[in-house]
Amino acid sequence: NGTASFSELGKQLYLGTLFLDTPNQSANDILNSSQKKRMELRFTGSMSKRRWGQTWTQSIAINSPRETMVSAADDLSATLSAFQGNLEYGDKVIIDYDPLYGTNVSVNGVTLVKDKSSALFTLFLSSWIGPVPPSSQFKGAILGQADSKNDYTSFLALTPPPTRVSAVKEWGTALKAEEELAAAEALAEEEAKKPKKKRSRK
């Protein structure tokens with residue numbers, strides 16, 4: 001549908017592209033549509049894990065209705081927590097929505113979260129094409145209202161090196177270990193709450 005350059009403090013961080021089954025220049029139509037949609041980001045710079053989370057959280061807060069944020073709060077938290085390290089040059093982040101399977105998020109081909117709500121995708125997309133986008137130029141390019149062929153050519157040329165694919169696979173391992181630890185702690189807490197059986201005297 002369109003490609004745009006995302007920058008902070010005058011430095012380009014990534015090129016983002018919105019893919020749709022049917023191109024559309026209306027932000028409202030796209031946000032309300034139940035068709036397949038994909039946001040893809042390819043990094044031209046680096047962004048810390050902390051900054052990545054802050055950027056989305058702040059942008060989502062000023063672009064999304066409270067009801068949508070509440071309904072997808074757990075999914076958003078799980079998604080941002082899945083990013084266990086910094087993003088580097090060449091990294092490819094895909095936020096994909098399919099009405100049959102929900103929202104999936106992957107980095108460099110490694111799936112981090114899957115089968116999340118449609119509201120989650122809407123939160124992310126609203127940050128690009130909502131009332132307060134990164135810039136009016138960014139929003140216009142993503143909506144296909146401006147020529148973005150050169151940016152799309154640059155976008156296609158960006159690919160993650162093998163070392164980054166391996167690094168992201170380790171995120172998944174670390175995340176699984178965290179989830180297992182949290183589950184074990186929760187189980188231990190539940191067991192501690194149960195009344196202890198008294199021993200009967202013979």
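Reply: Happy to! Here an axis is a line fitted to C-alpha atoms, for helices over the stretch in contact, and angles run from 0 to 180 degrees between N-to-C directions. The model is a predicted one, in which local features need pLDDT of at least 70, side-chain atom pairs count only at pLDDT 80 or more, and totals for chains, interfaces and linings use all residues. Residues are numbered from 1 along each chain as its sequence is written, and side-chain values use heavy atoms, with hydrogens and water left out.

On the α4 side, Asp75, Leu76, Thr79 and Leu80 are in contact (heavy atoms within 4.5 Å) with Leu120, Leu123 and Phe124 of α5. Five residues of this contact are nonpolar (Ala, Val, Leu, Ile, Met, Phe, Trp, Tyr, Cys or Pro), one is charged (Asp, Glu, Lys or Arg) and one is polar (the others, Gly among them).

Now turn to α2, which also packs on α5. The axes of α2 and α5 lie 8 Å apart, at an angle of about 80°, so these two helices are roughly perpendicular as well. From α2, the contact takes in Trp56, Ser59, Ile60 and Asn63. From α5 come Leu123, Phe124, Ser126, Ser127 and Trp128. Of the residues in this contact, five are nonpolar and four polar, with no charged ones.

Putting the two together, Leu123 and Phe124 of α5 take part in the contact with α4 and in the contact with α2.

Technical notes
Helix = DSSP H or I, 4+ residues; strand = E, 2+ residues; numbered from the N terminus. Parallel < 35°, antiparallel > 145°, perpendicular 65-115°, else oblique.
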